[in-house]
Amino acid sequence: MDEVLAIVRAHFGGWNNAHVLSGVNLRDSERDICCGIACYTEECERRSPGGPLKLRMCEKRDFFPYEIAVGGGPRSVEAEAVVACHLVQGDIEDLLLRLCAPDASGRVPTGSCTDKEDWLAPVEMCATYNANAVELARDLALSWVSLHEKQSVSRIAGMSLEALHARIYAAPRGARVPMKGTHELSSSLSRETVLRALATPPAMLLDALEAAAVPDDTWRAAEPQAHEIMELLRQLGEAEGEGPPAFRAKVTTRGHTRFLEEHAPFHVRRLPSGGVMLATHPYRTLWPLWADALFLLGIAS
């Protein structure tokens, strides 16, 4: 490793970026996939913002399940979507943590995950990591500044919370940014709401996010049949010969995708390091979680 670092550092500067292609073992599903990791220089970031450190799947279709085995009973798109979510959710959170927090150094203060190509506003991502839970409101502040000022997130992600607060405070009173939400209260985010969130004690904000992360009734109704499918998959995986009767079912239809977009649950993880991770399925964003938490706190406007 020391020799590799020495080679990279000797040629790392200007437009010379570092790229590594490697096989990665997904700890949750125990699958192996191909990943590419890129580290961009300051010069490259200034000219073409993309993020200082980025991990991409070589083939996204190798990461998301295309088909699953189901039993001979009545099919349920909802239950199958729940299974598809379970099969990738742990891997997503594991990969984000391994990239942002591989050790206790705290070198990476924040990061995000998405199935899109660019680093979007944190509330438009499917997962975010913050090394310090006290600065969790950074996700909201970064999002507002990025959307309001049309700034690349990768160029402002390293700003202090105080600097972000100053940028938001300097915006005109009543300024809002549009958000992708199905409810009237979540269709936009106001300057005043973000300022109130920044003034909210971090522990209270984290509690509200946890309270808002409860799976909805539609998701819970599909879980019993999903558990049956998961048990079938376990039995098939352990079977040395012919396993239980089953057939392959595609889980990439519009019905499966739409169910995940509307109902995939949110995870709020308090990390032993003092950091925090917010996550959901890549087909959904974190904005519904934030919108509900802000409503629970009574600071949404």
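A: C39 comes out as partly exposed, at 28% relative accessibility (buried is under 20% relative accessible area, exposed over 50%, partly exposed in between, with a 1.4 Å probe and protein chains only). C100 is in no disulfide, and the nearest cysteine sulfur, that of C113, is 9.5 Å away. C100 is also buried, with 6% relative accessible area.

A word on the ground rules: this is a predicted model, where local features need pLDDT of at least 70, side-chain atom pairs count only at pLDDT 80 or more, and totals for chains, interfaces and linings use all residues. Numbering runs from 1 along each chain as its sequence is written, and side-chain values use heavy atoms, with hydrogens and water left out.

Now for the bond itself. Searching the whole structure turns up one disulfide (a pair of cysteine sulfur atoms within 2.5 Å). The partners are C34 and C58, with sulfur atoms 2.2 Å apart. The torsion about their S-S bond is about -45 degrees, so the disulfide is left-handed. C34 sits in strand β2 (residues 32-39), while C58 is in the loop between β3 (53-57) and β4 (67-70), so the pair ties together parts that are 24 residues apart in sequence. Helices (H or I, at least four residues) and strands (E, at least two) are DSSP runs, numbered from the N terminus. Both ends are partly exposed: C34 has a relative accessible area of 33% and C58 is at 34%.

Next stop, the helices. H256 belongs to α10 (residues 254-263) and is buried, at 1% relative accessibility. Skipping residues up to four places away in sequence, H256 touches R75, V77, E80, A81, K250 and V251 (contact means heavy atoms within 4.5 Å). Some of this belongs to a helix pair: the axes of α3 (residues 77-100) and α10 come within 9 Å and cross at roughly 65 degrees. Axes here are lines fitted to C-alpha atoms, for helices over the stretch in contact, and angles run from 0 to 180 degrees between N-to-C directions. So α3 is roughly perpendicular to α10 (under 35 degrees is roughly parallel, over 145 roughly antiparallel, 65 to 115 roughly perpendicular, the rest oblique). From the α3 side come V77, E78, E80, A81, V82 and C85, which meet G255, H256, F259 and L260 in α10. By class, that contact has six nonpolar, two polar and two charged residues (Ala, Val, Leu, Ile, Met, Phe, Trp, Tyr, Cys and Pro are nonpolar; Asp, Glu, Lys and Arg charged; the others, Gly among them, polar).

One more helix pair. D139 is in α4 (residues 138-149) and is buried, at 1% relative accessibility. Leaving out neighbours within four places in sequence, D139 contacts P122, V123, T128, N130, L278 and W290. The axes of α4 and α7 (residues 191-199) come within 9 Å and cross at roughly 155 degrees, which makes α4 roughly antiparallel to α7. Here L140, A141 and W144 of α4 meet R191, V194, A197 and L198 of α7, and the residues divide into six nonpolar, no polar and one charged.
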